[in-house]
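Hi everyone, thanks for making time this morning.

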Amino acid sequence: MMNWNVEKSKKEDCKEIVEFITKTWNETYRGIVNEDFLSKLYETEDKRYNNAINNFDENNNLQYIVKNDNKIIAYLKLSKKEKCIELQSLYVLKTFQNNGIGKLLLNKAFEEAKIMGYDKIYIGCIDSNKSNGFYQKMGGKIVSKREFKLPNQVLYENVYEYGIETPEKM
């Protein structure tokens, strides 16, 4: 197993992050999310890149990446809420899954939440996504379900709650 390094994303990573998200959504959600939406991810990359660049805030950046051969292979995005941290994105390229990278990123989320003084993290995962097994294995408890709305499709997410000390350390 390799020794992976998690680093905070930089503004210059925005284009590659947008492309990475398009690729991982197409890998992960084919057969779950409507094909039209997945195709449009490619078509909207320039617009999403411009939004990412224009909204990049170095002082409040809660995005992290893992690289292999200078290419992003995993991505984590956190969001501060009033009383918790929400894990908005945790993506690992299919060819790099089952190598401990997901655990590494989840532990990074808990480390950051603890530094910021939060004691809970919430994660939503589309109920037909196989990653639900990972979140359960890592100690997440389903506390609710919520709608996940896409154009022309409504899916449902399992919402997992973690106490800060919940996940196993690597």
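Let me begin with a question: in which sense do β4 and strand β5 pair, parallel or antiparallel? They pair in the parallel sense, and three bridges hold that pairing. For reference, β5 covers residues 120-126. If you'd like a spot to look at, find E86, which stands opposite Y122 in β5.

Before going on, please keep in mind that this is a predicted model. The mean pLDDT of the protein is 92, with 96% of its residues at 70 or more.

Now, how does the chain get from β4 to β5? Helix α4, residues 101-115, is part of the story: β4, α4 and β5 make a right-handed β-α-β unit.

Next, the other partner of β4. Strand β3, residues 71-80, runs antiparallel to β4, and seven bridges join the two. The link from β3 to β4 is a hairpin through four residues.

Last, a word on confidence by region. Strand β2, residues 63-68, has the highest confidence, at a mean of 97, while α4 has the lowest, at 94. Please be careful with residues 166-170, though: pLDDT stays under 50 there, and the model has 16 contacts for that stretch beyond four places in sequence.

That's my tour, and I'm happy to take questions!

How values were computed. Residues numbered from 1 in each chain as written. Predicted model: local features only at pLDDT ≥ 70, side-chain atom pairs only at ≥ 80, totals over all residues. Heavy atoms only, no water. Pairing = 2+ DSSP bridges. Right-handed = clockwise from strand over helix to strand, strands pointing away. pLDDT = per-residue confidence, 0-100. Contact = heavy atoms within 4.5 Å.
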